[in-house]
Structure formats: structure tokens, C-alpha cells
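Subject: Structure handover

Hello,

Please find the structure below, with the sequence. My notes on it follow.

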Amino acid sequence: MRKATILCILAGLFVLGLSTQASAASYPSYWYNPYSYYGSFYNYYYSYYYRQPAPAPAPAPTPNPAPSTPSASGLTADEQAMINLVNQERAKAGLKPLAVDMRLVTLARQKSQDMITNNYFSHQSPTYGSPFDMMRKAGITYRTAGENLAGASTVQQAHSGLMNSSGHRANILNPNYTHIGVGVVRGGRYGAMWTQMFIGK
């Protein structure tokens, strides 16, 4: 099965593209755009995308707890504001809004806090592994999944930076996604860490 990894670094006018072939034993149909540097305010934005193959026929699993609606309680003001902005962008593109899955919110918060605590900025966590590792360990099943990361002091800065980057905008406007979790933790070198996790069922 074809695999591709694309690395794109934007810093001012500097653009670097890299393509490579992944091991067949690693990730089925896997690609990501891990480093996109958005110059203003020295904020970094990341996107990550992964599609699982169709699962083999199996007995019907025990259903996961039903996710909450986009207006779910339990979100912070920052998290709700970011979800509102994401769904506004999807509405403008004629796409269905993403429902809030509080299990993804919990994981996204853990990821944001981990980046602040351990002073790193990457999809690969020294504590939790990849976002897909986190989802699997939490019992979250999906056909398609992705992650966006941003370091910025305000929701508007984070959202604008993500939408101005093609890889991150593609995650936000992916028609295959159905659910989202956003975790925002204040602190760190950028003022706040923002993690968006997406899944499509």
C-alpha cells in the first residue's frame, strides 16, 4: 500500500518539501505535514492525518459512549470558541459541523498539557506516543483521524494560523471527519497550547 510523508517548513519565504516512502509494516496509508512554521508571532502550527483501512468483518463491538453535541457542556470558553470557528469554516464550505466528542477533548487537553510540561512541540509525545496511539489506548475507534497543533496566545491567532496553512485547513475542512475534540491549556512559551483532534467514523 502506498505511503507518503510530506515535510513542509515555512519561515518567511523559505519553503522545504520532502517526500519519502514509509515501511509497509508501519502505518497503512499514512501521511502527514508535521512542521509548518507560521511567521507571525513566532507561532507554530502542525497538522497530522491518518486513514485506517476498512476493518475486516468482525462481531459487532460494544458501542462507544455517544459523543456530545457541538454545544456540549464541559468545554472551556477557549475550547468552545475554537470549535465554533471550525464549524463556521465548515459551514462556509458547505460541510456538516463536527460534533464534540468529550473523549477527544480529554485527550487533546492531555496532549496540550504534556507539550507544556515537557517543553516540546510535536505530534509524537514522549509520554503518549502518536495521537493515534492515544486514541487507541482510550478505546476510540475511527476510519479517519487527524491532529492539528498550534501555539498562540489567543483563539483567533491560533485559528487564523491554521486556516492560512493548507495542511491544517485540509484537516479542518475534511468532509470525512465527523467529530472533534479541542484541548486548550494556558502556559508555555506561546501563551497557550491548542490541540485539535479529529475522527471520522
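Helix H2 covers residues 102-117, which is 16 residues, and spans 22 Å from its first C-alpha to its last, close to the 22 Å expected at 1.5 Å a residue. (Helices are DSSP runs of H or I with at least four residues, strands are runs of E with at least two, and both are numbered from the N terminus; the expected span is 1.5 Å times one less than the number of residues.)

This is a predicted model, in which local features need pLDDT of at least 70 and side-chain atom pairs count only at pLDDT 80 or more, while totals for chains, interfaces and linings use all residues. Residues are numbered from 1 along each chain as its sequence is written, and side-chain values use heavy atoms, with hydrogens and water left out.

The mean pLDDT (the predictor's confidence in each residue, from 0 to 100) of the protein chain is 74, and 64% of its residues reach 70 or more. Over residues 1-44 the pLDDT is below 50, and this stretch has 87 contacts beyond near neighbours in sequence; a contact means heavy atoms within 4.5 Å. Residues 53-72 also have pLDDT below 50, with 27 such contacts. Where pLDDT is low, the predicted coordinates should not be read in detail.

Back to H2. Its buried residues include Arg103, Leu104, Leu107 and Met115. (Buried means under 20% relative accessible area, exposed over 50%, partly exposed in between, with a 1.4 Å probe and protein chains only.) The buried residues of H2 pack against helices H1 (77-92) and H3 (131-137), and against strands E5 (99-100), E6 (144-151), E7 (179-186) and E8 (192-200). Just after H2, asparagine 119 has a positive phi of about 55 degrees.

Next, the aromatic rings. Rings of Phe, Tyr and Trp (its six-membered ring) pair if their centres lie within 6.5 Å; planes under 30 degrees apart count as stacked, over 60 as edge-to-face and the rest as tilted. By this rule there are 3 aromatic pairs. One of them, phenylalanine 121 with tyrosine 190, is edge-to-face, at 5.7 Å centre to centre and 70 degrees between the planes. Phenylalanine 121 lies in the loop between H2 and H3 and tyrosine 190 in the loop between E7 and E8, so the pair ties together parts that are 69 residues apart in sequence. Phenylalanine 121 is buried, with a relative accessible area of 11%, and tyrosine 190 is buried at 13%.

Regards
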